[in-house]
Amino acid sequence: MTQYLYPQNLRATANLWLWSLKDFCILGIAALLSIVILVQTRIVIPAAMTLCYGFLTIRMDDTTVLDFIKYAVRYFISTQQHYEWR
């Protein structure tokens with residue numbers, strides 16, 4: 001008898017470790033290109049950008065670090081807070 005395991009939420013996005021599947025594919029391709037550029041030209045900037053992108057796209061509870069930074073900037077800087085004095 002074959003037993004199938006299904007996720008609790010079938011509409012959830014596919015995740016692989018700490019990243020969404022799309023971000024994981026982008027990270028893999030960027031890491032390969034960064035390694036080739038590092039070996040050929042000894043330029044570290046693409047590897048640093050890949051690491052930053054990897055950190056900013058870590059997904060926990062459907063929120064990435066980049067989303068959290070956007071929410072914080074929107075709350076503290078770009079939107080006006082409404083205060084009522086009584």
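**Briefing on a predicted model**

Thr50 lies in helix H2, where helices (H or I, at least four residues) and strands (E, at least two) are DSSP runs numbered from the N terminus. This is a predicted model, in which local features need pLDDT of at least 70 and side-chain atom pairs count only at pLDDT 80 or more, whereas totals for chains, interfaces and linings use all residues. Residues are numbered from 1 along each chain as its sequence is written, and side-chain values use heavy atoms, with hydrogens and water left out.

**Confidence**

- The protein chain has a mean pLDDT of 89, with 95% of its residues reaching 70 or more; pLDDT is the predictor's confidence in each residue, from 0 to 100.
- Among the elements of the protein chain, the highest mean pLDDT, 97, belongs to helix H2 (residues 45–56), and the lowest, 80, to strand E1 (residues 15–16).

**Packing of H1 and H2**

- Two packed helices are described by the angle between their axes and the distance between the axes.
- Helix H1 (residues 21–41) packs with H2 at an angle of about 165 degrees, and their axes are 8 Å apart; axes are lines fitted to C-alpha atoms, for helices over the stretch in contact, and angles run from 0 to 180 degrees between N-to-C directions.
- That angle makes H1 roughly antiparallel to H2, given that angles under 35 degrees count as roughly parallel, over 145 as roughly antiparallel, 65 to 115 as roughly perpendicular and the rest as oblique.
- The crossing of H1 and H2 is left-handed, a term used if the near helix is turned anticlockwise from the far one by less than a right angle, while clockwise is right-handed.
- On the H1 side the contact (heavy atoms within 4.5 Å) is made by Asp23, Ile26, Leu27, Ala30, Ala31, Ser34 and Ile37, and on the H2 side by Pro46, Ala47, Thr50, Tyr53 and Gly54.
- By class, the contact of H1 with H2 has eight nonpolar, three polar and one charged residues; Ala, Val, Leu, Ile, Met, Phe, Trp, Tyr, Cys and Pro count as nonpolar, Asp, Glu, Lys and Arg as charged, and the others, Gly among them, as polar.

**Residues in the helices**

- Thr50 counts as buried because its relative accessibility is 13%, with buried meaning under 20% relative accessible area, exposed over 50% and partly exposed in between (1.4 Å probe, protein chains only).
- Leaving aside residues up to four places away in sequence, Thr50 touches Leu27, Ala30, Ala31 and Ser34.
- Ala30 lies in helix H1 and, at 24% relative accessibility, counts as partly exposed.
- Leu33, also placed in helix H1, counts as exposed at 52% relative accessibility, and its C-alpha is 14 Å from that of Gly54, a residue 21 places apart from Leu33 in sequence.
- Phe24 is found in helix H1, is partly exposed at 27% relative accessibility, and touches Leu16, Trp17 and Trp19 when residues up to four places away in sequence are not counted.
- Phe24 and Ile58 are 34 residues apart in sequence, and 9.7 Å separates them in space, C-alpha to C-alpha.

**Loop residues with positive phi**

- Most residues other than glycine have a negative phi.
- Arg42, found in the loop between H1 and H2, has a positive phi of about 60 degrees although it is not a glycine, and Arg42 is exposed, with a relative accessible area of 72%.
- Asp61, in the loop between strand E3 (59–60) and strand E4 (63–64), has a positive phi of about 55 degrees without being a glycine, and its relative accessible area of 76% makes Asp61 exposed.
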